[in-house]
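User: I have a model open and would like to go through its fold with you. Could you take me through it step by step?

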Amino acid sequence: MRLLIDCSVLSVGGGLQVGLSLINNIAYDNDFELIIIASHEIDKQIPKIIKDRVLSYTCLPQCSGLKKIKFNK
């Protein structure tokens, strides 16, 4: 089965740890072909062996221009 894992928005905290854990646990399962889109923070923590093992691995460039959207209530 081919899976797309988009971790491009994960940068800190629990979400980052969950993303890393998912990638680390599923990367060695031969039943899955992984396509991973990673944030700069995820990329720093993924071992090269996993990056080489998956079908496609893309790290999005670090972008300081992203702004949080604020909703007025």
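**Helix, sheet and core**

Analyst: On the face of α1 turned away from its buried side sit the exposed residues V18 and N25, where exposed means over 50% relative accessible area, buried under 20% and partly exposed in between, with a 1.4 Å probe and protein chains only. This is a predicted model, in which local features need pLDDT of at least 70 and side-chain atom pairs count only at pLDDT 80 or more, while totals for chains, interfaces and linings use all residues. Residues are numbered from 1 along each chain as its sequence is written, and side-chain values use heavy atoms, with hydrogens and water left out.

User: Which residues of α1 are buried, then?

Analyst: The buried residues of α1 are L16, G19, L20, I23 and I26. They cover an arc of only 155° around the axis, taken from the directions from the helix axis to the C-beta atoms, so they lie on the same side of α1.

User: And what do the buried residues of α1 pack against?

Analyst: They pack against β1, β2, α2 (40-45) and α3 (48-53), contact being heavy atoms within 4.5 Å. Helices (H or I, at least four residues) and strands (E, at least two) are DSSP runs, numbered from the N terminus.

User: Switching to the sheet, what is the strand order?

Analyst: It is an open sheet of three strands in the order β1-β2-β3, with parallel pairing, and two strands pair if DSSP finds at least two bridges between them. β1 and β3 (56-59) stand at the edges with a single partner strand each, so one side of each has no neighbour in the sheet.

User: How many bridges join β1 to β2?

Analyst: Six bridges join these parallel strands, and L3 stands opposite L34 in β2.

User: What about the core, which residues have the most contacts inside it?

Analyst: The largest nonpolar core has 15 residues, and those with the most contacts inside it are I5, I23, L34, I36, I42 and I46; such a core is a set of buried Ala, Val, Leu, Ile, Met, Phe, Trp, Tyr and Cys residues joined through side-chain atoms within 4.5 Å. β1 (2-7), α1 (13-26) and β2 (33-38) each supply at least two of its residues, and the largest share, four residues, comes from α1.

User: One last thing, where is L10?

Analyst: L10 is in the loop between β1 and α1, and at 21% relative accessibility it counts as partly exposed. Not counting residues up to four places away in sequence, L10 touches G15, L16, G19, S39, E41 and I42.
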